[in-house]
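Reader: Hi! I've got a model open and would like to talk through how its parts pack together. Could you walk me through it?

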Amino acid sequence: MKAKNVLLFSDFGIDDIVAVIFALFSEEINVVGIVADYGNVSRKDALRNAAFLQEVTGVTTIPTFGGAVLPLTGERPVYYPEVHGFEGLGPINPQIEVNPDLFENFNEIVPLIEEYENNLIIVNIGRLSSLATAFILYPNLMKKITDFYIMGGAFNFPGNVTPVAEANFYGDPYAAKILINEAPKKLHIIPLNVTMSAIITPSIINTLHHHYEKTQNKTGLIVKPMVDYYYEFYQKTNPGISGSPLHDVFTLWALFDESDVVYQEAPVQVVVDQGIAFGQSVGDFRKAPDLESKDYKIHKVAVNYNYRSFIKAFFDIMKNHNGSLA
């Protein structure tokens with residue numbers, strides 16, 4: 001199978017880093033560029049984490065672009081060190097410095113997209129501010145993207161920031177609204193409805209870690225301390241949870257075989273009015289939805305998936321790679 005070219009927008013927290021490793025280990029994904037955004041950490045720290053991952057993997061050929069430093073709301077971002085650690089890497093403290101001035105280069109995504117015209121998927125696993133900016137600045141360029149996969153939203157499902165709002169939509173609902181309203185094709189929206197059950201158990205992580213120790217897989221060895229940290233957070237907020245939901249890994253896995261993910265095409269929108277529903281994603285999942293409303297755009301929302309296929313793909317890809325990526 002020919003690898004799918006991916007331009008990845010990420011805010012480089014724990015599950016983001018594991019997702020990038022998963023993508024690099026996979027033969028089905030070819031990451032051709034990375035946009036590092038604020039979100040789980042500041043943009044500067046996200047760029048630093050991207051540089052750390054380059055050092056660990058030895059992969060230095062994937063261009064990195066600096067994304068947004070704040071949301072379109074104009075509010076200062078709120079970070080969540082209790083979820084991802086102060087550095088965004090759980091207990092890992094990377095001793096790397098980056099010069100943010102070198103990464104005021106967001107415009108360089110233009111020649112990259114033109115190079116892969118009509119053969120490029122954008123996957124956004126963080127806040128949506130940078131991608132929304134691309135829609136504002138380059139609307140015709142966005143028509144050259146093959147598909148869009150967005151991790152975000154919670155439809156008829158509890159949020160993870162407020163009772164109704166998921167972090168990526170809540171962090172910048174204006175950006176989410178721009179994507180929903182202006183996308184030149186139907187978005188694949190991967191919400192908490194499915195990603196919260198994309199559980200990777202400690203036994204799987206431990207088995208992989210023992211394998212990485214035996215094979216001296218330097219890249220793989222950073223996975224366990226990060227996911228263990230992530231799991232500690234989820235044990236506090238979701239007592240009894242059996243493992244860590246890897247939201248961003250799931251979103252990249254969804255590219256593999258669309259038959260493993262059940263999508264429902266539905267009119268969707270996001271609440272931008274200040275109040276208790278701020279950032280809430282709304283979908284019309286009635287048997288006879290209002291398909292004529294100008295306020296709602298129809299997109300593909302993931303509602304179910306093959307868990308066995310997800311776990312098998314994660315384990316096989318993470319175990320069978322020898323760690324040599326350079």
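Predicted model: local features only at pLDDT ≥ 70, side-chain atom pairs only at ≥ 80, totals over all residues.

Reader: Nice. Which residues of α13 are the buried ones?

Author: Those are Phe310, Ile311, Ala313, Phe314, Ile317 and Met318. They span an arc of only 165° around the axis, so they sit on the same side of α13. On the other side, Arg308, Lys312 and Asn320 are exposed.

Reader: And how many residues has helix α13?

Author: Helix α13 (residues 307–320) has 14 residues. From first C-alpha to last, α13 reaches 20 Å, close to the 20 Å expected at 1.5 Å a residue.

Reader: What caps the N-terminal end of α13?

Author: Asparagine 306 does, with a side-chain oxygen 3.2 Å from the backbone nitrogen of arginine 308.

Reader: Let's switch to the sheet. In what order do the strands come?

Author: It is an open sheet of 9 strands, ordered β3-β2-β1-β4-β5-β6-β11-β9-β10, with mixed pairing. β3 (64–66) and β10 stand at the edges with a single partner strand each, so one side of each has no neighbour in the sheet. From one strand to the next, the twist averages 30°.

Reader: Which helix packs on the sheet, touching β9?

Author: Helix α8 (residues 173–182) packs there, touching β5 (147–151), β9 and β11. The direction of α8 makes about 115° with that of β9.

Reader: Why is β9 described as largely enclosed?

Author: Because 7 of the 10 residues of strand β9 (residues 261–270) are buried.

Reader: What about its pairing: over how many bridges do β9 and β11 pair?

Author: β9 pairs with strand β11 (residues 297–305) in the antiparallel sense over 8 bridges, and glutamine 264 stands opposite valine 301 in β11. With strand β10 (residues 281–283), β9 also runs antiparallel, joined by 3 bridges. There, valine 268 stands opposite glycine 283 in β10.

Definitions and conventions:
Residues numbered from 1 in each chain as written. Heavy atoms only, no water. Buried < 20%, exposed > 50% of the residue type's maximum accessible area, 1.4 Å probe, protein only. Helix = DSSP H or I, 4+ residues; strand = E, 2+ residues; numbered from the N terminus. Pairing = 2+ DSSP bridges. Axes fitted to C-alpha atoms, helices over the stretch in contact; angles between N-to-C directions. Contact = heavy atoms within 4.5 Å. Expected span 1.5 Å × (residues − 1). Arc of directions from axis to C-beta. Polar contact = N/O pair within 3.5 Å; in protein donor to acceptor, adjacent residues only side chain to side chain.
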